[in-house]
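Dear colleague,

Please look through it with the sequence beside you.

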Amino acid sequence: MTIYADTAGETLSFKFIEESGTEHDLEISSDGVAWDGKFKTNDSTGNIVKPLVLKSKPPAPFDQYSKKMTLVAFLALGLPVDYRIMEGKFSAYSLEDGTLRGESTEPKTMWFGFYPIWSIEIHGNTDREMIELRFENADGTWILNEREVFRPDTMMGTLNPVNPMWRAVTSPTVILPPPADIAPAVPKPTLPINQAPFKNSATAVLTIKIDGMDMIDGTIVAYDGTTPLGGSDNIRKDPFGRHVALVSIGGHDSTVGKKITFYFWGNPESCTECNAVKLPIMQGSSTFTPNGEYGKASAPLPLMSSSDPNFSTETYDFSMSLYAKVKIDGSYVTTGKLTAYNGNQIVGVIARPSNPEYRTAIGRPLPPIPGIPEGFFLFMIYNDSNYVPGITFKYTKPDGTVIDLNGSITFTANSMSYDLDNMVDLSI
């Protein structure tokens with residue numbers, strides 16, 4: 001190969017292009033003749049005995065990402081706090097898929113020649129993705145208490161390095177796989193269900209709440225396994241203003257003592273995403289008893305669940321409630337769904353803002369209240385641990401568009417830190 005250049009000393013790069021058009025960046029290998037890669041006039045490099053060897057460059061660890069942000073920080077670890085952390089690995093991990101998004105193995109510079117300052121470039125493709133920062137050295141592993149939101153093309157702490165709080169952990173956060181699609185557990189039966197074959201009967205008076213919202217219509221069916229025992233598609237408003245379903249339940253002798261499970265299908269007016277939503281009985285007995293009553297007209301049995309089959313409150317030990325407001329395009333939303341996440345796991349869902357119920361709670365419409373937005377959410381979120389930082393939120397428009405929201409909170413069990421006067425602001 002003859003090489004041409006305009007300037008002596010120019011550093012050259014090499015690329016191999018396959019017939020298919022696939023390109024490979026090349027670098028000079030130590031397996032061949034030594035060369036610094038600079039152009040020298042009337043020079044030659046390599047020969048038939050010891051040729052110049054070019055090999056494919058390994059891809060850079062973050063080449064698949066098109067965006068990045070920079071974080072500059074002091075590292076204050078342990079008790080007593082040590083600010084002079086000189087050795088270890090400072091790294092960033094995605095809480096969406098668990099992949100490494102950046103790392104640094106030494107301080108970038110020294111603050112007034114005494115305090116080490118660490119800098120890390122964080123890579124990604126998705127705005128507002130949640131990032132967990134870790135530091136590892138011979139003394140252990142630390143995780144930043146507050147998770148960071150990925151903000152492309154920003155530099156945090158450049159002029160005034162951030163001084164975050166860290167906590168020691170025995171192992172880094174385990175990122176669970178994204179939830180899988182789940183087929184409905186039972187098919188929707190045709191109503192009415194014939195009660196003639198059943199020897200025994202029972203009744204149920206139920207109220208149904210999905211994603212924190214009362215269901216005003218839809219279909220509710222009682223099952224023994226996958227066998228429908230009875231159902232109703234007539235949810236009525238009782239004299240106390242409650243939306244109640246009355247269900248006649250049949251059963252064979254073999255049904256006695258078996259667990260009854262209720263499933264709900266929503267209508268467009270109530271819950272378009274409700275498809276065979278399982279409604280566990282949380283109060284009283286859930287087994288079939290001849291002539292049994294599951295709720296009464298004076299005290300209906302409350303059933304509640306989530307429209308998302310990957311989320312069930314039964315699997316969590318802790319809960320907290322909060323108020324939240326979401327402003328999009330300059331206005332607080334009054335429709336749409338809010339979902340809370342720990343990483344990529346759903347920990348709370350509410351189907352629509354709570355303001356319609358709040359404003360009519362006293363039996364008549366309320367005028368706007370100073371300081372309270374036209375639309376806001378009141379809902380419960382759940383977790384396996386008492387203290388979990390970095391809970392994030394997504395908003396789903398009525399047309400199904402999902403929007404990642406700004407802000408995050410720390411989950412604290414049984415807390416009501418975010419009330420009407422101090423709502424979580426998730427506006428974008």
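A residue is called buried here when its relative accessible area is under 20%, exposed when that area is over 50%, and partly exposed in between. By that scale D25, at 41% relative accessibility, counts as partly exposed, and K15, at 45%, counts as partly exposed too. Please keep in mind throughout that this is a predicted model.

Salt bridges

The side chains of D25 and K15 meet in a salt bridge, with 2.7 Å from N to O. This pair links distant parts of the chain, since D25 belongs to strand β2 (residues 23-28) and K15 to strand β1 (residues 14-17), 10 residues apart. K15 and D25 are also linked with E23 in a network of salt bridges. In the whole structure, a search finds 11 salt bridges.

Two further pairs involve buried residues. E129 and R101 meet through their side chains at 3.1 Å, N to O; E129 lies in the loop between β8 (115-124) and β9 (130-137) and R101 in strand β6 (residues 100-104), so the pair ties together parts that are 28 residues apart in sequence. E129 is buried, with a relative accessible area of 7%, and R101 is buried as well, with 3%. The side chains of E132 and R134 likewise form a salt bridge, at 3.1 Å from N to O, where E132 is buried at 1% relative accessible area and R134 counts as buried at 7%.

A buried lysine without a partner

K325, found in strand β24 (residues 318-325), is buried yet has no salt bridge, and the nearest side chain of opposite charge, that of D425, is 4.6 Å away. A salt bridge is counted only when the side-chain nitrogen lies within 4 Å of a carboxyl oxygen. Leaving aside neighbours within four places in sequence, K325 is in contact with residues including Y332, P373, G375, M423 and D425.

The C-alpha atoms of G375 and T334 are separated by 4.5 Å, although the two residues are 41 apart along the chain.

Nonpolar cores and a surface patch

The largest nonpolar core has 57 residues, of which I249, F262, L338 and F393 touch the most other members. Strand β14 (residues 200-210) contributes the largest share of this core, five residues. Apart from it lies another core, of 17 residues, with M69, L71, L77 and F90 among them. Beyond its neighbours within four places in sequence, L338 is in contact with a set of residues that includes A324, V326, F377, F379, F393 and L426.

On the surface, V81, Y83, F114 and Y115 form a nonpolar patch with about 350 Å² of accessible area together. Y83 sits in the loop between β4 (67-73) and β5 (89-94) and counts as partly exposed, at 35% relative accessibility.

Backbone details to check

Most residues other than glycine have a negative phi, and most peptide bonds are trans. A cis peptide bond joins L191 and P192, with omega about 0°, and P192 lies in the loop between β13 (166-169) and β14. N291 has a positive phi, near 60°, and is exposed, with a relative accessible area of 66%. D329 also has a positive phi, near 55°, and is exposed, with a relative accessible area of 72%.

With best regards

Note on methods. Residues are numbered from 1 along each chain as its sequence is written. This is a predicted model: local features need pLDDT of at least 70, side-chain atom pairs count only at pLDDT 80 or more; totals for chains, interfaces and linings use all residues. Side-chain values use heavy atoms; hydrogens and water are left out. Helices (H or I, at least four residues) and strands (E, at least two) are DSSP runs, numbered from the N terminus. Buried means under 20% relative accessible area, exposed over 50%, partly exposed in between (1.4 Å probe, protein chains only). Lys and Arg count as positive and Asp and Glu as negative; His and the chain ends are not counted. Contact means heavy atoms within 4.5 Å. A nonpolar core is a set of buried Ala, Val, Leu, Ile, Met, Phe, Trp, Tyr and Cys residues joined through side-chain atoms within 4.5 Å. Patches are made of residues with over 30% relative accessible area and no salt bridge: like charges are joined within 9 Å, nonpolar side chains (Val, Leu, Ile, Met, Phe, Trp, Tyr) within 5 Å. Accessible areas come from the Shrake-Rupley method with a 1.4 Å probe; for residues, only the protein chains shown count as cover.
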